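Subject: Structure for you to look at, with notes

Dear colleague,

I am passing on a structure that I would like you to open and turn around before you read any further.

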Amino acid sequence: MGVLLFTIPTERRITFMNIREIEYITIPVSNLEVSLRFYHEVFDLRIVDLPNGDKGADLRKQFLDFHVEDKVEHPTSFGLIAHDSMKDIKAHLINYFVDIVSEPTEKTEVRRNVNSITILDPDKNRIEVNEFR
């Protein structure tokens, strides 16, 4: 068994990309108005007009880009960070009649311990709301 060797053409330099943040996440939605209301009211996110003509939700450094589809066949999954206690987060979600998929759970994420609750938006996109410890 030999060692596989390859060469990089001399006209190419090895470079690396310095990626450190996510700019946006595209969320598939079937009813734009219902989704805008959900994300604005439940998460208190500011709704903005994006340069591409879509509507989005402002997360300060990042944004959610709402992409309208006739029927959401492939919902997405993502996590949000809240600066509230899990008790307050859960009470708020209950007040807005949000579908809770999993009750608050303490776990270790990549960088730290979190207490998280998982919910569904109107199109069954899965959202994990995290309270960092």
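This is a predicted model: local features need pLDDT of at least 70, side-chain atom pairs count only at pLDDT 80 or more; totals for chains, interfaces and linings use all residues.

Residues are numbered from 1 along each chain as its sequence is written, and side-chain values use heavy atoms, with hydrogens and water left out.

The whole chain

The protein chain has 2 helices and 8 strands, where helices (H or I, at least four residues) and strands (E, at least two) are DSSP runs numbered from the N terminus. Followed along the sequence, these elements come in the pattern β-α-β-β-β-β-α-β-β-β. The radius of gyration, which is taken over C-alpha atoms, is 20 Å, well over the 14 Å that the globule rule gives for 133 residues, so the chain is more spread out than a compact globule. That rule is 2.2 Å times the number of residues to the power 0.38. Along the principal axes, the C-alpha atoms fill a box of roughly 65 × 40 × 30 Å.

The sheet of β1 to β4

Four strands form an open sheet in the order β1-β4-β3-β2, with mixed pairing; two strands count as paired if DSSP finds at least two bridges between them. The edge strands are β1 and β2, each of which pairs on one side only. From one strand to the next the twist averages 30°, and for such angles the axes are lines fitted to C-alpha atoms (for helices over the stretch in contact), with values from 0 to 180 degrees between N-to-C directions.

The pairing of β1 with β4 is parallel and has 6 bridges, and in it P28 has H67 of β4 as its bridge partner. Strand β2 (residues 46–49) is antiparallel to strand β3 (residues 55–59), with 4 bridges between them; in β3, D58 is the bridge partner of R46, and G56 is that of V48. The hairpin of β2 and β3 has 5 residues between the strands, and G53 in this hairpin takes a positive phi near 95°.

Strand β3 also pairs with β4 (residues 62–68), again in the antiparallel sense, over 5 bridges. Here K55 stands opposite F66, G56 stands opposite D65, and L59 has Q62 as its bridge partner. The hairpin of β3 and β4 has 2 residues between the strands, and in it R60 takes a positive phi near 70°. Helix α1 lies across β1, β2, β3 and β4, running at about 155° to β4, where contact means heavy atoms within 4.5 Å.

The sheet of β5 to β8

Another 4 strands form an open sheet in the order β5-β8-β7-β6, and its pairing is mixed as well. Because β5 (77–82) and β6 (99–108) stand at the edges, each with a single partner strand, one side of each is left without a neighbour in the sheet. The twist in this sheet averages 25° from one strand to the next. Strand β5 runs parallel to β8 (residues 126–132), joined by 6 bridges, and V129 in β8 is the bridge partner of L80.

Helix α1 (residues 32–43) packs on this sheet too, touching β5, β7 (113–120) and β8, and its direction makes about 15° with that of β8. Helix α2 (residues 86–95) touches β5, β6, β7 and β8, and its direction makes about 5° with that of β7.

The largest pocket

How many residues line the largest pocket, and which of them lie nearest its centre? There are 35 in the lining, of which L59, G79, L80, I81 and A82 lie nearest the centre. A pocket is found on a 1 Å grid over the protein atoms alone, as an open set of points where a 1.4 Å probe fits, with protein on both sides within 12 Å along at least five of seven lines, and lining residues have an atom within 4 Å of a point. The largest share of the lining, 5 residues, comes from β5.
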